[in-house]
Structures are given as structure tokens and as C-alpha cells.
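Read it with the model open.

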Amino acid sequence: MPKQIHLAAHFPGVNNTTVWSDPAAGSHIEFSSFVKLAQTAERAKFDFFFLAEGLRLREQGGEIYDLDVVGRPDTFTVLAALAAVTTHLGLTGTINSTFNEPYEVARQFASLDHLSGGRAGWNVVTSWDAFTGENFRRGGFLAESDRYGRATQFLATAKELFDSWPADTIVADRESGRFLRDGHAGTFRHTDAHFDIGGRFTVPRSPQGRPVILQAGDSDAGREFAAATADAIFSRHGTLVEGQKFYADVKGRLARYGRRQQDLLVLPAATFVLGDTDADAAERAAEVRRQQVSGPTAIKLLEQLWNRDLSGYDPDGPLPAIDPDVSDGHIARGRASVRMHRDPIATAREWRDRAEAGHLSIRELIIEVTGRQTFIGAAATVAARIDELVQQDASDGFILVPHVTPGGLDEFADTVVPLLQERGVFRTEYAGPTLRDQLGLTR
Ligand SMILES: Cc1cc2nc3c(=O)[nH]c(=O)nc-3n(C[C@H](O)[C@H](O)[C@H](O)COP(=O)(O)O)c2cc1C
């Protein structure tokens, strides 16, 4: 029996993935866009719908990036509304453990799990930067080194709250017309270095008991947090070699916590461009990359390595001859990992050499070095590649990020999914009512 593939639909996030110039490009705010992507994912029997989160719009030099999505509606409101227009699709939201409080978040997820009949998922992220903190009047209140300490206690506290109502508590008995309750249901007290709270949790035990837990950090501490507590990990390692390395690393950490290989799913982010033939897809992919990296975006991305104002440079001209600024402080604001390049001077030298050798402008170079789509090809090529990566333990599936909102998943649903089903590696019917059922999680 081959491994079964898990697939999720990522509503396009804050960054420059979205191709605005496509005639089919639509709103990232209107409810109809969320409904369209979620219903396509459900029609294709995807495991879950996924919302990323940015709690402050990214800025550089006091400006928002020209291709960024500049609206971020509230996660719980969107997911609760989607629960009403879907029946089996998991509803997963990214919620930060630095700027929120466990009681509030546990209440929201328990409520979502009730409203959706057991389909809630929580991607726990630890972004801590002071720039984002200003939105919460807590600028810089948490040191980077404390982010997983707080996340661990945050999640442990939330789990105490989810479990504070015994599974067999009868809330209402219709026959006798009486309201029965366990006098202790919901009571809790939690004290640690980050939280000192007690009281009574207001939401009775939800269908899944607690939401499915995802984790998206990549550091050693982040991977350890996932191995100890998460049901799935969202990663950036979607290629064969990098994926296998990451997969072996995180799965190798599970035994320490008495957990089995199947208790933590590895789900890398993936983008895709389809075509009638592989050559057609490659041509479309190159065009999509150009749309994703405008001239101004190329300069902004270049500034992130150089850590300097390069607004005077021509994106169609050569790379700067000066070296990056490696002093403290960073030009990009509102990103989790501000220092993205370990050795900026060496990387700048490498980029310059590459640009000179290939006669590339700033924009052309940035298009090359800031990534390409994960899957490019005709539907059969893409289906075979996804299957290969999963069977060879580079992942347990993928969180797919379409580049057009809201119709960017249609072609994948219509052409790739049936081929995966024919291969016997993707469901043709949902396994049960809950997200835990779709993910094959037993706990
Ligand atoms: C694939 C991926 C997706 C992420 N998505 C988000 C997000 O939507 N919102 C957010 O605040 N942080 C996001 N993060 C940031 C991480 O969750 C984490 O807070 C950050 O990377 C710091 O932890 P680390 O040092 O362990 O990587 C993402 C990280 C990864 C790897």
C-alpha cells in the first residue's frame, strides 16, 4: 500500500506570490474569494484550507511592498464563516503565541471546532518582532530567545483549557428538560513563567477535543517544539534532497517524546504552474516569475541582502558595486527572520558573479535567486512528481499556494487530483467528519 498524500489549500499570503496582472485575479478580502478557494479544495477532497497570518503589513523604507497583499481580515471570522459553506474540509488558521493570550485563543479554537463539527486546525507561530509588537503596545516585550518558551507554555495552557471539560460532561438533557452539569467542568489554574491564570473555561469539550496542531518554525528550537507537540509541521523544504533531510530530522526527534513516525506529518509549502505540455508549463512558469518580481519588488528584495536604501538603482541595470551593510539593525520590518542571509558580503559577491556571467539585470537576477515554482509541468508530470516526493519520504503531502486568487486551484483540482486518485495515493471520499480523520491522526 503506497503512502497516502495529504493536500491543503493555502489562501495566498502576504508576500509577492500573487499575480495581480492575471485577468482572473480577484479580491483577497471579499468573502466570495475565500468561499471559491475553499469550495474548490473541498470538491477536490483536500485535507484542509489554510490561512497564514501577518499581524502587521511588511514595510521597507516606510513603504509597503508594491506586490504584497495589503489586507489581512481576521482569521477566526473568516474560518467560522467558511464552516457554514463547507462540510468536510479542515479549517486551519495561523495564530501567534507571542501577541495573544491562551484563554482567548483556546476559546476561539474550541468554538470553531464546535461550529465546524470537528474541523479546526491551529498553526502555532512565534513571530516576535518589535515592529509587529507595536500594534499590540508591546513592542519588543519578548526576546527572540524566549519565543519557544512562551509558545510551549501557551500551547500547554491551551490544552489544559481544552481538556478542562471532561469528555462525558452532559451539558443539556432534552428528555428531562434539565440542564445537567459537572460542578467542576471547566475549572483551571495555570501558573508558569509566562502565565498566571485561573477560572473556568466557557466552552464545553469540542468534537476533536482540541484543534489539530501545526507548527511552522524552522530553527532547532522550532523543530523540537513540533516534535514534542505538533500533529503536522509546515516547512519550506519541498525539494527531494532538502525535503528528505528535513523529514528525517524532524521524524528522528519523535522517539524522544514517546511519539511514533505517523504522529507528526511533514507538509512543505509548494507552488505550481500547469500547462498542456511540460514545455508550455515551463513557458507559463517563466512568465509567472516575471509577474511575481516587478522592478520595485526586485529592488526591495535586493535591499534585504544589501541592507541599504537602493531605491536609486535601475532594476533593469547592473547590481550595486558597493558591499552590503552588515551593521546591526535591518531595513526590512515585519518579517520573522530579518537576517535572512548568513554571510551577506559573500552572497552579494556570488550574485554579482552570477549576474555578470549571465548578463543579468537586477530584476533578472532576483527572479533567478528568489526561487521558482515547486511543480512545473503537464498534469501527469506534476502528479508523478508529487507522488515520488511523498513515497520517497521528502514529505507526507503539500500545502499548495496558488498564484491566482481565487481561481488558482481549479486547474489542479480538475487535472492533477484525478491522476493522484488513479494512482491510488489520494482519497476519493473523505474518511470521516473531522480534520483528524482526514489526516489519519489517531490521538
Ligand atoms: C513555511 C513557514 C510559514 C510560516 N508562516 C507564518 C505566518 O503565516 N505567520 C507568522 O507570523 N509566521 C510564520 N512563519 C514563521 C514561524 O512560524 C516562526 O515564527 C519563525 O520562523 C520563527 O521561528 P524559527 O526561528 O523557529 O523559524 C512561518 C514559517 C515557515 C517556515
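## Helices over strands

The model is a predicted one. Helix H5 (residues 147-162) lies across strand E4 (90-96), strand E5 (120-125) and E8. Its direction is at about 155° to E5.

## The barrel

How many strands close into a barrel, and in what order? Eight do, and the order is E1-E2-E4-E5-E8-E9-E10-E14. The pairing is parallel. From one strand to the next, the twist averages 30°.

One pair can be followed in detail. Strand E8 (residues 212-215) and strand E9 (residues 232-235) run parallel and are joined by two bridges. Leu214 stands opposite Ala232 in E9.

## Helix packing

Two packed helices are described by the angle between their axes and the distance between the axes.

| Helix pair | Angle | Axis distance |
|---|---|---|
| H9 (residues 295-306) and H11 (residues 362-369) | about 70° | 9 Å |
| H12 (residues 379-391) and H13 | about 50° | 9 Å |
| H1 and H2 (residues 75-83) | roughly 55° | within 10 Å |

Take H9 and H11 to begin with. Their axes pack at an angle of about 70°. Angles of 65 to 115 degrees count as roughly perpendicular, and so H9 is roughly perpendicular to H11. H9 passes H11 in a left-handed crossing. From H9, the contact takes Gly295, Ala298, Ile299, Leu301 and Leu302. These meet Ile362, Arg363 and Ile366 in H11. By class, the contact of H9 with H11 has six nonpolar residues, one polar and one charged.

Next come H12 and H13, which pack at about 50°. H12 and H13 are therefore oblique to each other. Their crossing is right-handed. H12 brings Ala379, Ala380, Val382, Ala383 and Ile386 to the contact. H13 brings Phe412, Thr415, Val416, Leu419 and Leu420. What classes do the residues of the contact of H12 with H13 divide into? Nine are nonpolar, one is polar and none is charged.

H1 passes H2 in a right-handed crossing. On the H1 side, Phe31, Phe34, Val35 and Ala38 make the contact. On the H2 side, Val78, Ala81 and Leu82 do. The contact of H1 with H2 has seven nonpolar residues, no polar and no charged ones.

## Salt bridges

The count comes to 28 salt bridges. One of them pairs Asp47 with Arg427. The closest N and O atoms of Asp47 and Arg427 are 2.8 Å apart. Where do Asp47 and Arg427 lie? Asp47 lies in the loop between H1 and E2. Arg427 lies in the loop between helix H13 (410-422) and helix H14 (435-439). The pair therefore ties together parts that are 380 residues apart in sequence.

Terms used
Residues are numbered from 1 along each chain as its sequence is written. This is a predicted model: local features need pLDDT of at least 70, side-chain atom pairs count only at pLDDT 80 or more; totals for chains, interfaces and linings use all residues. Side-chain values use heavy atoms; hydrogens and water are left out. Axes are lines fitted to C-alpha atoms, for helices over the stretch in contact, and angles run from 0 to 180 degrees between N-to-C directions. Helices (H or I, at least four residues) and strands (E, at least two) are DSSP runs, numbered from the N terminus. Angles under 35 degrees count as roughly parallel, over 145 as roughly antiparallel, 65 to 115 as roughly perpendicular and the rest as oblique. A crossing is left-handed if the near helix is turned anticlockwise from the far one by less than a right angle, and right-handed if clockwise. Contact means heavy atoms within 4.5 Å. Ala, Val, Leu, Ile, Met, Phe, Trp, Tyr, Cys and Pro count as nonpolar, Asp, Glu, Lys and Arg as charged, and the others, Gly among them, as polar. Two strands pair if DSSP finds at least two bridges between them. A salt bridge is a side-chain nitrogen of Lys or Arg within 4 Å of a carboxyl oxygen of Asp or Glu.
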